[in-house]
Amino acid sequence: MNGKADIGVIGMEVMGKNLALNMESRGYTVAVFNRTESKTKDFIEGPAKGKNFVPSYELQNFVSSLKTPRKIMLMVKEGAPVDGFIEKLLPLLDKGDLVIDGGNSFFKDTIRRNSELTEKGILFIGTGVSGGEEGALKGPAIMPGGQKEAYQLVEKIFTDISAKAEDGKPCVTYIGPNGAGHFVKTTHNGIEYGDMQLIGECASVFKKTGMNAEEIAGIMEKWNGKSDILRSYLIEITADSMKEKNKAGEGYLVDIVADITRMKGTGTWTIQSALELLVPVPTIASAVFSREMSQDKDLRLKMGTILNIPEAEKLPEDKQKLIDIAHDALYIAKISSYAQGLALLQAASREYKFELNLGEIAQIWRGGCIIRAQFLDEITKAYKENPSLPNLLASPKFSDFVNKNLWKLARFIEIAHKSGVSALGMASSYDYILQIASPVMVSAQVSALQRDYFGAHGYFKIGGEKQPEIITNSEKKMREFHTEWMLPGRPEKEITK
Ligand code: 6PG
(Lines give C-alpha, C1' and ligand atoms only; values in the text may rest on other atoms or scores of the structure.)
Protein backbone atom coordinates (compact mmCIF):
# COMPACT_ATOMS: atom_id res chain seq x y z
CA MET A 1 0.00 0.00 0.00
CA ASN A 2 1.41 3.40 -0.90
CA GLY A 3 0.58 6.26 1.41
CA LYS A 4 -2.71 6.92 3.08
CA ALA A 5 -6.23 5.84 2.20
CA ASP A 6 -8.60 8.06 0.18
CA ILE A 7 -11.66 7.13 2.22
CA GLY A 8 -12.52 4.88 5.16
CA VAL A 9 -15.48 2.58 5.66
CA ILE A 10 -16.64 1.53 9.12
CA GLY A 11 -18.87 -1.53 9.27
CA MET A 12 -18.03 -4.77 7.50
CA GLU A 13 -21.54 -6.15 7.12
CA VAL A 14 -22.61 -6.88 3.57
CA MET A 15 -23.41 -3.28 2.52
CA GLY A 16 -20.17 -1.88 3.99
CA LYS A 17 -18.01 -4.60 2.46
CA ASN A 18 -19.56 -4.27 -0.97
CA LEU A 19 -19.38 -0.50 -0.98
CA ALA A 20 -15.70 -0.68 0.04
CA LEU A 21 -15.03 -3.18 -2.77
CA ASN A 22 -16.85 -0.91 -5.21
CA MET A 23 -14.67 2.07 -4.16
CA GLU A 24 -11.47 0.05 -4.47
CA SER A 25 -12.47 -1.24 -7.89
CA ARG A 26 -12.65 2.39 -9.10
CA GLY A 27 -9.05 3.04 -8.08
CA TYR A 28 -9.40 4.27 -4.51
CA THR A 29 -7.41 3.06 -1.54
CA VAL A 30 -9.93 2.24 1.18
CA ALA A 31 -9.36 2.00 4.93
CA VAL A 32 -11.64 -0.45 6.70
CA PHE A 33 -12.66 -1.00 10.31
CA ASN A 34 -15.20 -3.11 12.13
CA ARG A 35 -16.04 -3.26 15.82
CA THR A 36 -15.55 -7.03 15.80
CA GLU A 37 -11.99 -7.61 14.56
CA SER A 38 -12.68 -10.99 12.99
CA LYS A 39 -15.02 -9.43 10.42
CA THR A 40 -12.27 -7.14 9.18
CA LYS A 41 -9.84 -10.07 9.07
CA ASP A 42 -12.32 -12.24 7.14
CA PHE A 43 -12.80 -9.42 4.67
CA ILE A 44 -9.09 -8.74 4.21
CA GLU A 45 -8.24 -12.41 3.81
CA GLY A 46 -11.28 -13.03 1.63
CA PRO A 47 -12.73 -10.73 -1.06
CA ALA A 48 -10.22 -7.95 -0.34
CA LYS A 49 -7.12 -10.12 -0.68
CA GLY A 50 -4.41 -8.51 -2.81
CA LYS A 51 -6.39 -5.30 -3.21
CA ASN A 52 -5.83 -1.73 -2.06
CA PHE A 53 -7.30 -1.89 1.43
CA VAL A 54 -5.87 -0.65 4.69
CA PRO A 55 -7.29 -2.67 7.59
CA SER A 56 -7.22 -1.32 11.13
CA TYR A 57 -8.11 -3.00 14.38
CA GLU A 58 -8.05 0.17 16.51
CA LEU A 59 -10.18 3.18 15.66
CA GLN A 60 -7.21 5.50 16.29
CA ASN A 61 -5.14 3.64 13.67
CA PHE A 62 -8.05 3.67 11.24
CA VAL A 63 -8.35 7.45 11.55
CA SER A 64 -4.57 7.90 11.20
CA SER A 65 -4.56 5.80 8.03
CA LEU A 66 -6.69 8.38 6.17
CA LYS A 67 -5.65 11.32 4.00
CA THR A 68 -6.84 14.68 5.30
CA PRO A 69 -9.45 16.04 5.24
CA ARG A 70 -10.56 12.59 6.33
CA LYS A 71 -13.63 11.02 4.78
CA ILE A 72 -15.22 8.33 6.91
CA MET A 73 -18.30 6.43 5.80
CA LEU A 74 -20.35 4.68 8.47
CA MET A 75 -22.12 1.59 7.17
CA VAL A 76 -23.59 0.48 10.47
CA LYS A 77 -27.13 -0.08 11.71
CA GLU A 78 -29.16 3.10 12.06
CA GLY A 79 -29.83 4.54 15.50
CA ALA A 80 -27.52 4.04 18.51
CA PRO A 81 -24.62 2.45 16.57
CA VAL A 82 -24.32 5.60 14.42
CA ASP A 83 -24.26 7.88 17.47
CA GLY A 84 -21.85 5.50 19.22
CA PHE A 85 -19.30 5.66 16.41
CA ILE A 86 -19.64 9.43 16.02
CA GLU A 87 -18.92 9.81 19.74
CA LYS A 88 -15.82 7.60 19.50
CA LEU A 89 -14.58 9.30 16.35
CA LEU A 90 -15.00 12.89 17.51
CA PRO A 91 -11.88 13.13 19.71
CA LEU A 92 -9.82 11.61 16.89
CA LEU A 93 -10.94 13.99 14.12
CA ASP A 94 -9.77 17.43 13.04
CA LYS A 95 -11.86 20.37 11.93
CA GLY A 96 -12.87 19.98 8.29
CA ASP A 97 -12.99 16.16 8.40
CA LEU A 98 -16.12 14.53 7.04
CA VAL A 99 -18.32 11.81 8.53
CA ILE A 100 -20.85 10.15 6.22
CA ASP A 101 -23.74 8.04 7.46
CA GLY A 102 -24.68 5.64 4.65
CA GLY A 103 -27.32 3.65 6.55
CA ASN A 104 -31.10 3.99 6.45
CA SER A 105 -31.22 6.60 9.22
CA PHE A 106 -34.22 8.59 10.34
CA PHE A 107 -33.90 12.03 8.78
CA LYS A 108 -34.52 13.89 12.04
CA ASP A 109 -31.56 12.05 13.58
CA THR A 110 -29.53 13.19 10.58
CA ILE A 111 -30.60 16.81 11.07
CA ARG A 112 -29.57 16.57 14.74
CA ARG A 113 -26.23 14.93 13.98
CA ASN A 114 -25.51 17.45 11.28
CA SER A 115 -26.02 20.34 13.66
CA GLU A 116 -24.08 18.71 16.54
CA LEU A 117 -21.10 17.98 14.29
CA THR A 118 -21.25 21.38 12.60
CA GLU A 119 -20.82 22.98 16.03
CA LYS A 120 -17.59 21.01 16.39
CA GLY A 121 -16.33 21.93 12.93
CA ILE A 122 -16.89 18.44 11.49
CA LEU A 123 -18.72 18.07 8.19
CA PHE A 124 -21.55 15.54 8.02
CA ILE A 125 -23.44 13.84 5.23
CA GLY A 126 -26.45 11.58 5.68
CA THR A 127 -26.85 9.61 2.51
CA GLY A 128 -29.31 7.13 1.13
CA VAL A 129 -27.65 4.21 -0.63
CA SER A 130 -30.08 2.09 -2.57
CA GLY A 131 -29.66 -1.08 -4.56
CA GLY A 132 -29.10 -3.77 -1.97
CA GLU A 133 -25.99 -5.94 -1.89
CA GLU A 134 -25.50 -6.03 -5.63
CA GLY A 135 -26.05 -2.30 -6.01
CA ALA A 136 -23.51 -1.51 -3.30
CA LEU A 137 -20.95 -3.63 -5.14
CA LYS A 138 -21.64 -2.67 -8.74
CA GLY A 139 -23.26 0.74 -8.48
CA PRO A 140 -26.02 2.00 -6.18
CA ALA A 141 -28.16 5.11 -6.44
CA ILE A 142 -26.76 7.55 -3.89
CA MET A 143 -28.81 10.30 -2.21
CA PRO A 144 -26.48 12.52 -0.16
CA GLY A 145 -27.66 15.36 2.09
CA GLY A 146 -25.43 17.70 4.07
CA GLN A 147 -23.30 20.76 3.56
CA LYS A 148 -22.53 21.53 -0.08
CA GLU A 149 -18.82 21.71 0.70
CA ALA A 150 -19.02 18.30 2.34
CA TYR A 151 -20.55 16.88 -0.82
CA GLN A 152 -17.79 18.42 -2.89
CA LEU A 153 -15.24 16.40 -0.90
CA VAL A 154 -16.83 13.11 -2.00
CA GLU A 155 -18.53 14.09 -5.24
CA LYS A 156 -15.91 12.34 -7.38
CA ILE A 157 -15.86 9.14 -5.34
CA PHE A 158 -19.68 8.99 -5.19
CA THR A 159 -19.96 9.67 -8.92
CA ASP A 160 -17.41 6.97 -9.72
CA ILE A 161 -19.08 4.29 -7.59
CA SER A 162 -22.69 5.15 -8.45
CA ALA A 163 -24.86 3.31 -10.95
CA LYS A 164 -25.17 4.86 -14.38
CA ALA A 165 -28.58 5.19 -16.03
CA GLU A 166 -29.09 3.96 -19.61
CA ASP A 167 -28.06 7.36 -20.96
CA GLY A 168 -24.82 7.16 -18.95
CA LYS A 169 -25.80 9.77 -16.33
CA PRO A 170 -24.62 8.94 -12.80
CA CYS A 171 -27.27 8.04 -10.25
CA VAL A 172 -26.08 10.51 -7.65
CA THR A 173 -26.66 14.19 -7.09
CA TYR A 174 -26.45 16.62 -4.20
CA ILE A 175 -29.92 16.29 -2.66
CA GLY A 176 -29.95 19.15 -0.16
CA PRO A 177 -28.90 20.22 3.35
CA ASN A 178 -28.76 18.13 6.56
CA GLY A 179 -31.54 15.47 6.52
CA ALA A 180 -32.55 15.88 2.86
CA GLY A 181 -30.73 12.78 1.63
CA HIS A 182 -32.18 10.50 4.25
CA PHE A 183 -35.65 11.96 3.80
CA VAL A 184 -35.47 11.23 0.09
CA LYS A 185 -34.17 7.70 0.74
CA THR A 186 -36.96 7.01 3.21
CA THR A 187 -39.54 8.20 0.69
CA HIS A 188 -37.86 6.06 -1.97
CA ASN A 189 -38.43 3.09 0.33
CA GLY A 190 -42.07 4.08 0.90
CA ILE A 191 -42.56 4.15 -2.86
CA GLU A 192 -40.75 0.80 -3.05
CA TYR A 193 -43.29 -0.65 -0.57
CA GLY A 194 -46.13 0.73 -2.73
CA ASP A 195 -44.73 -0.82 -5.93
CA MET A 196 -44.27 -4.18 -4.20
CA GLN A 197 -47.83 -4.13 -2.85
CA LEU A 198 -49.36 -3.24 -6.23
CA ILE A 199 -47.41 -5.95 -8.07
CA GLY A 200 -48.42 -8.43 -5.37
CA GLU A 201 -52.09 -7.56 -5.84
CA CYS A 202 -51.84 -8.30 -9.58
CA ALA A 203 -50.28 -11.66 -8.77
CA SER A 204 -53.09 -12.37 -6.25
CA VAL A 205 -55.80 -11.76 -8.83
CA PHE A 206 -53.98 -13.84 -11.44
CA LYS A 207 -53.59 -16.67 -8.98
CA LYS A 208 -57.30 -16.56 -8.17
CA THR A 209 -58.09 -17.14 -11.85
CA GLY A 210 -56.19 -20.40 -11.61
CA MET A 211 -52.85 -19.33 -13.10
CA ASN A 212 -49.80 -20.97 -11.57
CA ALA A 213 -46.65 -19.14 -10.46
CA GLU A 214 -44.84 -19.82 -13.73
CA GLU A 215 -47.68 -18.36 -15.81
CA ILE A 216 -47.75 -15.27 -13.60
CA ALA A 217 -43.97 -14.99 -13.95
CA GLY A 218 -44.43 -15.18 -17.73
CA ILE A 219 -46.85 -12.24 -17.65
CA MET A 220 -44.43 -10.20 -15.54
CA GLU A 221 -41.61 -11.08 -17.94
CA LYS A 222 -43.63 -9.59 -20.78
CA TRP A 223 -44.39 -6.53 -18.66
CA ASN A 224 -40.66 -6.10 -18.30
CA GLY A 225 -40.22 -6.02 -22.10
CA LYS A 226 -37.89 -3.47 -23.64
CA SER A 227 -40.45 -0.78 -24.39
CA ASP A 228 -43.11 -1.70 -21.87
CA ILE A 229 -44.24 1.17 -19.62
CA LEU A 230 -44.03 -1.16 -16.62
CA ARG A 231 -40.41 -2.18 -17.29
CA SER A 232 -38.67 -2.02 -13.93
CA TYR A 233 -36.36 -3.87 -11.60
CA LEU A 234 -39.18 -4.89 -9.25
CA ILE A 235 -41.21 -6.40 -12.11
CA GLU A 236 -38.06 -8.18 -13.31
CA ILE A 237 -37.27 -9.76 -9.95
CA THR A 238 -40.92 -10.67 -9.37
CA ALA A 239 -40.85 -12.66 -12.60
CA ASP A 240 -37.53 -14.22 -11.79
CA SER A 241 -38.38 -15.20 -8.22
CA MET A 242 -41.87 -16.52 -9.03
CA LYS A 243 -40.42 -19.01 -11.51
CA GLU A 244 -38.29 -20.56 -8.80
CA LYS A 245 -39.27 -24.17 -8.13
CA ASN A 246 -39.81 -25.65 -4.69
CA LYS A 247 -36.53 -27.51 -4.30
CA ALA A 248 -37.95 -29.68 -1.53
CA GLY A 249 -40.88 -31.02 -3.53
CA GLU A 250 -43.62 -30.18 -5.99
CA GLY A 251 -44.60 -26.75 -7.25
CA TYR A 252 -43.02 -23.35 -6.79
CA LEU A 253 -41.11 -21.65 -4.00
CA VAL A 254 -43.59 -18.77 -3.83
CA ASP A 255 -46.39 -21.19 -2.91
CA ILE A 256 -44.59 -22.50 0.14
CA VAL A 257 -43.18 -19.19 1.37
CA ALA A 258 -44.93 -18.01 4.55
CA ASP A 259 -47.34 -15.17 3.75
CA ILE A 260 -45.69 -12.82 6.22
CA THR A 261 -43.83 -9.65 5.12
CA ARG A 262 -41.50 -8.15 7.65
CA MET A 263 -40.19 -4.59 7.52
CA LYS A 264 -37.39 -2.58 9.05
CA GLY A 265 -39.29 0.69 9.40
CA THR A 266 -38.62 3.07 6.54
CA GLY A 267 -42.15 2.59 5.14
CA THR A 268 -43.57 3.45 8.55
CA TRP A 269 -41.36 6.55 8.75
CA THR A 270 -42.63 7.62 5.34
CA ILE A 271 -46.23 7.57 6.45
CA GLN A 272 -45.39 9.11 9.82
CA SER A 273 -43.78 12.04 8.01
CA ALA A 274 -46.73 12.24 5.65
CA LEU A 275 -49.06 12.47 8.65
CA GLU A 276 -46.96 15.25 10.17
CA LEU A 277 -46.87 17.18 6.91
CA LEU A 278 -50.58 16.62 6.09
CA VAL A 279 -49.80 14.88 2.81
CA PRO A 280 -52.04 11.94 1.88
CA VAL A 281 -50.04 8.86 0.86
CA PRO A 282 -52.75 6.18 0.87
CA THR A 283 -50.99 3.71 -1.42
CA ILE A 284 -47.82 3.73 0.65
CA ALA A 285 -49.91 3.46 3.83
CA SER A 286 -51.85 0.55 2.31
CA ALA A 287 -48.58 -1.26 1.72
CA VAL A 288 -47.49 -0.80 5.34
CA PHE A 289 -50.95 -1.82 6.62
CA SER A 290 -50.91 -4.91 4.38
CA ARG A 291 -47.51 -5.93 5.76
CA GLU A 292 -48.93 -5.47 9.26
CA MET A 293 -51.96 -7.61 8.43
CA SER A 294 -49.69 -10.26 6.93
CA GLN A 295 -47.86 -10.61 10.23
CA ASP A 296 -50.87 -11.82 12.23
CA LYS A 297 -51.30 -15.17 10.57
CA ASP A 298 -53.11 -16.70 13.55
CA LEU A 299 -55.74 -13.98 13.50
CA ARG A 300 -56.23 -14.34 9.75
CA LEU A 301 -56.64 -18.09 10.06
CA LYS A 302 -59.26 -17.61 12.77
CA MET A 303 -61.16 -14.82 11.04
CA GLY A 304 -61.17 -16.78 7.79
CA THR A 305 -63.37 -19.37 9.50
CA ILE A 306 -65.80 -16.71 10.79
CA LEU A 307 -66.26 -14.31 7.86
CA ASN A 308 -67.51 -15.43 4.48
CA ILE A 309 -65.30 -13.93 1.80
CA PRO A 310 -66.74 -14.11 -1.72
CA GLU A 311 -65.33 -17.04 -3.63
CA ALA A 312 -64.08 -16.28 -7.11
CA GLU A 313 -67.13 -15.93 -9.26
CA LYS A 314 -66.56 -16.98 -12.83
CA LEU A 315 -64.30 -14.17 -13.90
CA PRO A 316 -66.04 -12.15 -16.56
CA GLU A 317 -63.03 -11.28 -18.68
CA ASP A 318 -61.16 -13.70 -20.83
CA LYS A 319 -57.62 -14.29 -19.62
CA GLN A 320 -55.85 -11.98 -22.06
CA LYS A 321 -58.37 -9.21 -21.45
CA LEU A 322 -57.82 -9.50 -17.71
CA ILE A 323 -54.05 -9.36 -18.18
CA ASP A 324 -54.38 -6.21 -20.32
CA ILE A 325 -56.64 -4.57 -17.78
CA ALA A 326 -54.24 -5.45 -14.96
CA HIS A 327 -51.30 -4.04 -16.93
CA ASP A 328 -52.83 -0.60 -17.36
CA ALA A 329 -54.40 -0.67 -13.91
CA LEU A 330 -50.97 -1.32 -12.41
CA TYR A 331 -49.43 1.51 -14.39
CA ILE A 332 -52.06 4.01 -13.23
CA ALA A 333 -51.84 2.79 -9.64
CA LYS A 334 -48.08 3.24 -9.83
CA ILE A 335 -48.38 6.77 -11.22
CA SER A 336 -50.76 7.60 -8.38
CA SER A 337 -48.37 6.15 -5.80
CA TYR A 338 -45.39 8.09 -7.17
CA ALA A 339 -47.55 11.22 -7.26
CA GLN A 340 -48.12 10.72 -3.52
CA GLY A 341 -44.45 10.13 -2.76
CA LEU A 342 -43.33 13.13 -4.79
CA ALA A 343 -46.00 15.31 -3.14
CA LEU A 344 -44.50 14.26 0.19
CA LEU A 345 -41.04 15.30 -1.00
CA GLN A 346 -42.44 18.65 -2.12
CA ALA A 347 -44.05 19.27 1.27
CA ALA A 348 -40.92 18.20 3.16
CA SER A 349 -38.84 20.45 0.97
CA ARG A 350 -41.00 23.42 2.01
CA GLU A 351 -41.16 22.50 5.69
CA TYR A 352 -37.50 21.57 6.21
CA LYS A 353 -36.03 23.90 3.57
CA PHE A 354 -34.48 20.96 1.70
CA GLU A 355 -34.80 22.74 -1.65
CA LEU A 356 -35.38 19.42 -3.38
CA ASN A 357 -35.24 19.21 -7.14
CA LEU A 358 -37.83 16.56 -8.02
CA GLY A 359 -36.62 16.24 -11.62
CA GLU A 360 -33.09 15.43 -10.47
CA ILE A 361 -34.31 13.02 -7.83
CA ALA A 362 -36.37 11.13 -10.43
CA GLN A 363 -33.30 11.22 -12.67
CA ILE A 364 -31.01 9.53 -10.15
CA TRP A 365 -33.68 6.94 -9.34
CA ARG A 366 -33.48 5.70 -12.94
CA GLY A 367 -30.60 3.35 -12.16
CA GLY A 368 -29.11 1.42 -9.26
CA CYS A 369 -31.95 1.73 -6.79
CA ILE A 370 -34.75 -0.71 -6.05
CA ILE A 371 -37.46 1.39 -7.72
CA ARG A 372 -35.46 1.91 -10.92
CA ALA A 373 -37.88 1.87 -13.80
CA GLN A 374 -38.36 3.02 -17.34
CA PHE A 375 -41.12 5.41 -16.38
CA LEU A 376 -38.78 7.44 -14.16
CA ASP A 377 -37.48 8.86 -17.44
CA GLU A 378 -40.96 10.26 -18.02
CA ILE A 379 -41.15 11.64 -14.48
CA THR A 380 -37.75 13.28 -14.96
CA LYS A 381 -38.94 14.91 -18.18
CA ALA A 382 -42.23 15.99 -16.61
CA TYR A 383 -40.41 17.93 -13.86
CA LYS A 384 -37.73 19.26 -16.20
CA GLU A 385 -40.47 20.67 -18.45
CA ASN A 386 -42.41 22.08 -15.51
CA PRO A 387 -40.55 22.20 -12.18
CA SER A 388 -43.59 23.68 -10.47
CA LEU A 389 -46.05 20.92 -11.38
CA PRO A 390 -48.70 20.97 -8.64
CA ASN A 391 -48.77 17.17 -8.72
CA LEU A 392 -47.28 14.47 -10.94
CA LEU A 393 -50.79 13.62 -12.17
CA ALA A 394 -51.02 17.15 -13.63
CA SER A 395 -48.38 16.32 -16.21
CA PRO A 396 -49.96 15.55 -19.62
CA LYS A 397 -47.47 12.66 -19.87
CA PHE A 398 -49.52 10.96 -17.18
CA SER A 399 -52.93 12.67 -17.15
CA ASP A 400 -53.59 11.64 -20.77
CA PHE A 401 -53.00 7.98 -19.95
CA VAL A 402 -55.01 8.21 -16.73
CA ASN A 403 -57.93 9.92 -18.47
CA LYS A 404 -58.12 7.22 -21.12
CA ASN A 405 -57.59 4.21 -18.90
CA LEU A 406 -58.79 4.97 -15.39
CA TRP A 407 -61.79 2.67 -15.93
CA LYS A 408 -59.37 -0.25 -16.10
CA LEU A 409 -58.15 0.42 -12.57
CA ALA A 410 -61.79 0.54 -11.42
CA ARG A 411 -62.48 -2.70 -13.27
CA PHE A 412 -59.43 -4.40 -11.80
CA ILE A 413 -60.52 -3.46 -8.27
CA GLU A 414 -64.04 -4.71 -8.98
CA ILE A 415 -62.74 -8.04 -10.28
CA ALA A 416 -60.44 -8.41 -7.27
CA HIS A 417 -63.18 -7.61 -4.77
CA LYS A 418 -65.81 -9.79 -6.42
CA SER A 419 -63.43 -12.70 -6.31
CA GLY A 420 -62.49 -12.20 -2.69
CA VAL A 421 -59.03 -10.74 -3.27
CA SER A 422 -57.98 -7.64 -1.36
CA ALA A 423 -56.81 -4.77 -3.55
CA LEU A 424 -56.04 -2.24 -0.83
CA GLY A 425 -53.11 -0.72 -2.74
CA MET A 426 -54.92 -0.48 -6.06
CA ALA A 427 -58.02 0.95 -4.41
CA SER A 428 -55.93 3.47 -2.48
CA SER A 429 -54.28 4.61 -5.70
CA TYR A 430 -57.67 4.86 -7.42
CA ASP A 431 -59.26 6.79 -4.58
CA TYR A 432 -56.30 9.17 -4.40
CA ILE A 433 -57.06 10.08 -8.01
CA LEU A 434 -60.77 10.45 -7.28
CA GLN A 435 -60.07 12.70 -4.31
CA ILE A 436 -57.40 14.85 -5.89
CA ALA A 437 -59.67 15.49 -8.84
CA SER A 438 -62.74 16.36 -6.72
CA PRO A 439 -63.62 20.06 -6.91
CA VAL A 440 -66.08 19.36 -4.09
CA MET A 441 -65.47 16.69 -1.47
CA VAL A 442 -68.96 16.15 -0.12
CA SER A 443 -67.58 13.93 2.63
CA ALA A 444 -65.56 16.92 3.86
CA GLN A 445 -68.65 19.13 3.84
CA VAL A 446 -70.52 16.54 5.89
CA SER A 447 -67.63 16.17 8.35
CA ALA A 448 -67.30 19.94 8.73
CA LEU A 449 -70.91 20.12 9.91
CA GLN A 450 -70.53 17.05 12.14
CA ARG A 451 -67.57 18.68 13.89
CA ASP A 452 -69.46 21.89 14.39
CA TYR A 453 -72.51 19.97 15.66
CA PHE A 454 -70.74 17.92 18.31
CA GLY A 455 -67.84 20.15 19.18
CA ALA A 456 -68.66 23.72 18.09
CA HIS A 457 -65.52 23.61 15.94
CA GLY A 458 -66.89 25.97 13.29
CA TYR A 459 -66.94 25.62 9.52
CA PHE A 460 -65.74 27.81 6.72
CA LYS A 461 -67.73 29.49 4.01
CA ILE A 462 -66.42 31.77 1.39
CA GLY A 463 -68.16 34.88 0.27
CA GLY A 464 -71.13 34.04 2.45
CA GLU A 465 -73.50 32.01 0.36
CA LYS A 466 -71.28 31.20 -2.64
CA GLN A 467 -70.91 27.63 -3.82
CA PRO A 468 -68.05 25.52 -2.51
CA GLU A 469 -66.55 25.13 -6.01
CA ILE A 470 -64.96 28.52 -5.64
CA ILE A 471 -63.50 27.95 -2.19
CA THR A 472 -59.76 28.15 -2.33
CA ASN A 473 -57.56 26.48 0.21
CA SER A 474 -56.47 29.76 1.62
CA GLU A 475 -58.35 29.94 4.87
CA LYS A 476 -57.66 33.66 4.98
CA LYS A 477 -60.14 34.18 2.18
CA MET A 478 -62.79 32.14 3.94
CA ARG A 479 -65.28 33.19 6.56
CA GLU A 480 -65.82 30.98 9.57
CA PHE A 481 -69.23 30.21 11.06
CA HIS A 482 -70.84 28.25 13.85
CA THR A 483 -74.45 27.10 14.09
CA GLU A 484 -76.07 26.94 17.51
CA TRP A 485 -77.49 23.50 16.82
CA MET A 486 -79.32 23.16 20.15
CA LEU A 487 -81.03 26.54 20.13
CA PRO A 488 -84.45 27.06 18.62
CA GLY A 489 -84.15 28.26 15.04
CA ARG A 490 -80.46 27.19 15.00
CA PRO A 491 -78.98 30.64 14.56
CA GLU A 492 -75.73 30.87 12.62
CA LYS A 493 -73.00 33.22 13.82
CA GLU A 494 -69.91 34.34 12.04
CA ILE A 495 -66.80 33.68 14.10
CA THR A 496 -64.47 36.62 14.10
CA LYS A 497 -61.04 36.31 15.62
C1 6PG B 1 -32.77 -0.23 -0.94
C2 6PG B 1 -33.69 -1.01 -0.03
C3 6PG B 1 -32.98 -1.25 1.27
C4 6PG B 1 -33.57 -2.36 2.10
C5 6PG B 1 -34.80 -1.97 2.85
C6 6PG B 1 -35.79 -3.08 3.03
O7 6PG B 1 -33.14 0.86 -1.32
O8 6PG B 1 -31.71 -0.76 -1.26
O9 6PG B 1 -34.85 -0.32 0.20
O10 6PG B 1 -32.90 -0.03 1.93
O11 6PG B 1 -33.71 -3.53 1.39
O12 6PG B 1 -34.35 -1.57 4.11
O13 6PG B 1 -36.78 -2.54 3.79
P14 6PG B 1 -37.80 -3.35 4.63
O15 6PG B 1 -37.05 -4.33 5.48
O16 6PG B 1 -38.47 -2.33 5.44
O17 6PG B 1 -38.68 -4.05 3.63
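Predicted model: local features only at pLDDT ≥ 70, side-chain atom pairs only at ≥ 80, totals over all residues.
Me: Into which domains is the protein chain divided, and how far apart do the C-alpha centres of domain 1 and domain 3 lie?
Reply: The chain is divided into domain 1 (7-178), domain 2 (186-436) and domain 3 (442-495). Between the C-alpha centres of domain 1 and domain 3 the distance is 54 Å.

Me: Why does the ligand lie between domain 1 and domain 2?
Reply: The position follows from the shell around the ligand. Domain 1 (7-178) gives residues to this shell and domain 2 (186-436) does too, so the ligand lies between them.

Me: Which helix gives the most residues to the shell around the ligand?
Reply: The ligand has 14 residues around it, of which Ser-130, Glu-192, Tyr-193, Lys-264 and Arg-291 come nearest. By class, the shell has 3 nonpolar, 7 polar and 4 charged residues. The element that gives the most to the shell, with 5 residues, is helix α8 (residues 180-208).

Me: What distance separates an oxygen atom of the ligand from an N or O atom in the side chain of Ser-130?
Reply: Polar contacts are counted within 3.5 Å. For the side chain of Asn-104, an N or O atom is 2.8 Å from a ligand oxygen. For the side chain of Ser-130, the corresponding distance from an N or O atom to an oxygen atom of the ligand is 2.5 Å.

Me: Is the aromatic pair of Phe-183 and Tyr-352 stacked, edge-to-face or tilted?
Reply: A search of the whole structure finds 19 aromatic pairs. In the pair of Phe-183 and Tyr-352, the rings are 6.4 Å apart centre to centre, with 45° between the planes, and the pair is tilted.

Me: How many residues apart are Phe-183 and Tyr-352?
Reply: Phe-183 is in helix α8, whereas Tyr-352 is in helix α15 (residues 319-352). The pair thus links distant parts of the chain, its members being 169 residues apart.

Me: Which residue just after α20 takes a positive phi?
Reply: Helix α20 (residues 442-455) has 14 residues, and from its first C-alpha to its last it reaches 20 Å, close to the 20 Å expected at 1.5 Å a residue. Just after α20, a positive phi of about 50° is taken by Ala-456.

Me: In which loop is the place of Arg-490?
Reply: Asn-178, which is not a glycine, has a positive phi of about 25°, and its place is in the loop between α7 (148-161) and α8. Arg-490 is likewise not a glycine and has a positive phi of about 45°. The place of Arg-490 is in the loop between β9 (479-483) and β10 (492-495).

Note on methods:
Residues numbered from 1 in each chain as written. Heavy atoms only, no water. Near = heavy atom within 4 Å. Polar contact = N/O pair within 3.5 Å; in protein donor to acceptor, adjacent residues only side chain to side chain. Helix = DSSP H or I, 4+ residues; strand = E, 2+ residues; numbered from the N terminus. Nonpolar A, V, L, I, M, F, W, Y, C, P; charged D, E, K, R; others polar. Domains from an automatic or database assignment. Expected span 1.5 Å × (residues − 1). Phe/Tyr/Trp six-rings, centres within 6.5 Å; stacked < 30°, edge-to-face > 60°.
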